[in-house]
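Trainee: I am new to this structure and would like a close look at a single part of it. Could you take me through the enclosed spaces, and then through a few residues that deserve a careful reading?

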Amino acid sequence: MKEMPSNFIHDIIDAELAAGITTKVHTRYPPEPNGYLHIGHAKAIWISSGTAKKYGGMFNLRYDDTNPTKEDEEYVKSIYEDLLWLGANPDGGVFYGSDYFDKCYEYAIKLIKDGEAFVCDLTFDEMREYRGTLTEPGKESPWRNRSIEENLELFEEMKDGKYPDGAKTLRAKIDMSSPNIVMRDPVIYRILHVEHYRQGNKWCIYPMYDYAHPIQDAIEGITYSLCSLEFENNRPLYDWVCDKIGFDPRPHQYEFAKLKLEHTVMGKRYLRKMVETNFVDGWDDPRMITLCGLRRRGYTPSAIHDFLGRVGIAKANSLVEIELLEHCIREELNATAERRIAVLEPIKVVITNYPEDKVEYFAVSNNPNDPDAGTRDLPFTREIYIERSDFEEIPPPKFFRLKPDGEVRLMGAYIIKCENVIKNSNGEITEIHCTYDPETGGKNPPDGRKIKGTIHWVSAEHAIEADVMLYDNLFTIENTNDIPEDKTYDDYLNPDSIIKLTGCKLEKSLENMEQDVRYQFVRNGYFIRDSKYANTFNRIVTLKDGYAKGM
């Protein structure tokens with residue numbers, strides 16, 4: 001991972017290190033294991049891990065598993081794999097929020113004894129009514145002034161399972177007239193009779209994230225708790241918890257803008273819905289913006305880091321063009337990916353004046369941008385395949401590919417001329433019969449005639465057959481936050497987000513292509529072998545750069 005560029009967070013750290021406010025940089029990433037990570041999470045990981053690395057500090061992975069209703073070991077494993085894939089090694093350790101449940105309970109007892117928390121009997125709907133609005137203060141709970149002794153007894157009974165879900169909560173006693181609604185006596189514990197995937201049935205009360213998170217940070221020695229801008233209003237509560245419990249030294253929270261990307265939805269709830277309804281092929285569907293989906297699609301960690309570095313770190317939210325993400329992987333692969341030939345929608349060409357039993361080989365470059373990549377030999381035979389779109393029986397103006405009585409160069413090989421078109425009983429073209437100029441093998445015609453078009457091809461005898469998946473955006477709308485109230489995400493799902501091509505003809509060198517190797521299929525884009533289905537190749541990105549005009 002490259003060193004992160006300076007930003008406003010690093011300016012704060014530089015000032016605090018210089019002033020002696022802190023002496024180390026220790027960060028963490030606290031994902032909830034209730035789904036797979038996506039590109040938005042990659043930004044948070046990149047910021048926290050990259051910041052620690054830049055300052056020679058430590059970086060922790062801590063699973064925020066304080067809500068047992070949707071958490072699962074499957075997500076725990078996937079999160080760890082994604083972090084390692086991104087190069088974000090949790091050298092400070094791997095922790096679980098649920099391992100701090102005893103300490104959270106202990107500190108809750110302290111808050112009750114100090115008169116800073118109380119057991120409340122209001123339902124969540126009633127609390128919403130009591131909370132007030134942005135312009136009107138809230139009302140205090142009728143149970144706010146219970147004695148310390150009664151609160152301790154009730155809280156213990158909550159822990160012992162004497163009350164059903166929602167019957168009681170433990171709330172911080174702060175200020176119901178605070179202009180920040182978050183500070184209006186927030187709930188810090190709720191009753192949930194749900195088995196925890198790691199703790200089993202030990203607990204039936206669970207701490208709220210805003211209460212547990214600063215405790216976890218303080219225990220682990222985190223100095224900089226970096227999070228997205230949506231938690232900015234929660235920072236006073238973070239500080240309140242640290243101050244009332246008395247942590248010294250204590251962590252500090254700083255916020256940055258979330259990553260918002262065109263044509264994407266990043267809410268785990270909707271991503272899970274697409275998986276559970278089988279609209280997509282699992283969390284790693286190459287159309288998904290999940291990290292495992294991007295990995296299966298063929299994106300690299302370095303391209304994602306490049307993308308995040310170009311997006312930068314700011315305090316203001318903005319919508320990023322998805323073409324920038326595509327540009328980053330395209331730019332990388334243009335320099336590094338070797339070239340191969342794949343005819344995605346093949347039609348057979350018979351070169352009638354070429355010997356039937358002859359095979360000759362033409363050397364073609366593996367990567368024109370890298371002389372050290374060398375060349376490979378392509379077999380040439382009487383029968384070849386070309387792209388169906390490279391022939392037009394009635395060509396439009398300025399069509400410089402194959403057409404009746406027209407000539408075209410086969411890339412790296414001969415010039416051929418269309419002599420005849422063979423059709424079936426339905427009038428569909430099944431073969432194109434051509435002749436070749438034997439004086440043009442890998443060189444210009446000796447008579448000086450100009451051939452404007454060059455097309456790719458594969459030998460019919462030596463080609464292998466495979467399926468190719470062409471992917472596009474999952475959503476047709478650019479900004480999925482702008483969907484009208486009478487519409488849903490479902491109304492903007494792209495019916496053409498995936499196109500499966502069968503019977504594609506590929507050069508034989510791709511037969512034993514390793515899964516993690518990326519190639520440019522000349523004139524067709526960049527591709528990788530699919531990790532789930534045999535003999536299938538996924539298009540990573542097209543050759544055409546839609547972002548270049550905006551750079």
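**Cavities and selected loop residues**

Mentor: The count comes to two cavities of 30 Å³ or more, and, since this is a predicted model, what follows describes that prediction. The largest cavity holds about 70 Å³ of space, and its lining is made up of Tyr-209, Asp-210, His-213, Pro-214, Cys-227, Phe-231, Asn-234, Tyr-238 and Gln-253. Helix H7, which covers residues 209–220, gives the most to this lining, with four residues.

Another loop, between strand E22 (458–459) and strand E23 (464–471), holds His-462. His-462 counts as buried because its relative accessibility is 19%, and buried means under 20%. The side chain of His-462 is joined to that of Ser-459 by a polar contact of 2.9 Å, and, leaving aside neighbours within four places in sequence, His-462 is in contact with Val-359, Tyr-361, Pro-379, Thr-381 and Lys-508.

Lys-398, in the loop between strand E17 (383–387) and strand E18 (407–410), is not a glycine, yet has a positive phi of about 60°; with a relative accessible area of 72%, Lys-398 is exposed. Arg-523, which lies in the loop between strand E25 (518–521) and strand E26 (525–529), is likewise not a glycine and has a positive phi of about 70°, while its relative accessible area of 39% makes Arg-523 partly exposed.

Definitions and conventions. Residues are numbered from 1 along each chain as its sequence is written. This is a predicted model: local features need pLDDT of at least 70, side-chain atom pairs count only at pLDDT 80 or more; totals for chains, interfaces and linings use all residues. Side-chain values use heavy atoms; hydrogens and water are left out. Helices (H or I, at least four residues) and strands (E, at least two) are DSSP runs, numbered from the N terminus. Buried means under 20% relative accessible area, exposed over 50%, partly exposed in between (1.4 Å probe, protein chains only). A polar contact is a pair of N or O atoms within 3.5 Å; within protein, one must be able to donate a hydrogen and the other to accept it, and residues adjacent in sequence count only if both atoms are side-chain atoms. Contact means heavy atoms within 4.5 Å. On a 1 Å grid over the protein atoms alone, a cavity is a set of points where a 1.4 Å probe fits but cannot get out, and a pocket is an open set with protein on both sides within 12 Å along at least five of seven lines; lining residues have an atom within 4 Å of a point. Grid points are joined across faces, edges and corners, and a volume is the space filled by probe spheres set on the points.
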